[in-house]
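Q: I'm new to this one. Can you walk me through it?
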Amino acid sequence: MTFNELNLSAPLLKAVSEAGYETPSPIQASAIPPVLEGRDLMGCAQTGTGKTAAFALPMLDRLSGAAPRKKGAIRALVLTPTRELALQIGESFAAYGKYLKLRSTVIFGGVGQTPQVEAIKKGVDILIACPGRLNDLIGQGYIDLANIEIFVLDEADRMLDMGFFKDVTRIIDKVKNRKNLGLFSATISQEVMTVSWMYQRDEVEITVEPKQEDRPDIDQFSITCTPLEKAETSLRLIRSQGYERVMIFCNTKHMCQRLCDEFQRAGLDCDCIHGDIRQSQREKTMQRYRDGKLAVLIATDVASRGIDVDDVDCVINYDVPEENEYYVHRIGRTGRAKKKGVAWSIVSNFPEKARLDDICKYCNFTIQPMVMDKDGNLTPEEVKAPVTPKRRFR
Ligand code: AMP
């Protein structure tokens, strides 16, 4: 199938071709026709499958074909869980809609609201928003959702998981005149089902499995050490293996910052992103990392969500993640674009070991335990046969 066959307008076809897309991805081929028709849609697809264009292209097409915006009316809304994702979606809309006269803007919390309010006052067709800030601005009377025709919930599972259930349903309740609602989610959780059941009618359901050849090719290893040796072990690993583009994940903001300070003191070219760092600073750090000017990026799961950086040599789980799904997201940063990637998990106590075993079982992964000597040489850990205790009879 080609983009031409999807009946998209010429300005969109031109922008898509300039973005370098030759053929629609499976989710695009299946989702674009029903969204163009104005049907409700439930799309089960992961990031990386091209789902942003799957909802952005038909949305732009419908808006550009319809009557222009009434003064002050917002016509389409994309709700997404994190600011990083919101920014990325905003960039995609700007790229796909570059030959259309439609305006879009992005709003999210953690930064001053004035520029966002100013942008809305100037008039926007498409609003890309995180639920918290959107509810704030609705409450202050800056945003009215009554004219929204097209509404998309992106990463619905994550958004509902992050405790936004009430915020999200409150927002959907306000979008009274919507013509269709699209739900995109990596997993169809109970909450996603509930939202679909409450608000969608006669929805088209699409599930896209990541193609086998598109699956990242990642060698997964673990190293066991004491909690006090974790930082030193990670540092030795990075230096001895000569990794040039590393992403390290910690479970908390506090750990992220502490590790970053410690690595910087040790002379490592690293920086971190987490919820306590200003948005503008986070963006600068991300840009340096993307441009290859920063070797090591340390992040929390939430701050790193949706970051699309190819060519990461190695992912290190400094803390074993609490959620199995986080592990999959974390290691998915490496091994992209048909290159081989490496993921390491640093394990320092029994609960972490148990978590990692659980991840292996749940995701059907094999993680090879390794031993590192003082010079950073690595050898596979010998797996000892379980000792069966001898019963002693008295
Ligand atoms: P997404 O799943 O929307 O985050 O997209 C993942 C990546 O795939 C982004 O870098 C897009 O620019 C890219 N992409 C989306 N659609 C296509 C396509 N049809 N052909 C090639 N690349 C695409």
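Q: Which residues have the most contacts inside the largest nonpolar core?
A: Leu57, Met59 and Phe93, in a core of 39 residues. Such a core is a set of buried Ala, Val, Leu, Ile, Met, Phe, Trp, Tyr and Cys residues joined through side-chain atoms within 4.5 Å. Buried means under 20% relative accessible area, with a 1.4 Å probe and protein chains only. This is a predicted model, where local features need pLDDT of at least 70, side-chain atom pairs count only at pLDDT 80 or more, and totals for chains, interfaces and linings use all residues. Residues are numbered from 1 along each chain as its sequence is written, and side-chain values use heavy atoms, leaving out hydrogens and water.

Q: Which element gives the most to this core?
A: α3, with eight residues. Helices (H or I, at least four residues) and strands (E, at least two) are DSSP runs, numbered from the N terminus.

Q: What does Leu57 touch, leaving aside neighbours within four places in sequence?
A: Phe3, Leu8, Leu12, Val16, Ile32 and Tyr96. Contact means heavy atoms within 4.5 Å.

Q: On to the sheet. What is the strand order?
A: β3-β4-β2-β5-β6-β1-β7, an open sheet with parallel pairing. Two strands pair if DSSP finds at least two bridges between them.

Terms used: Buried < 20%, exposed > 50% of the residue type's maximum accessible area, 1.4 Å probe, protein only.
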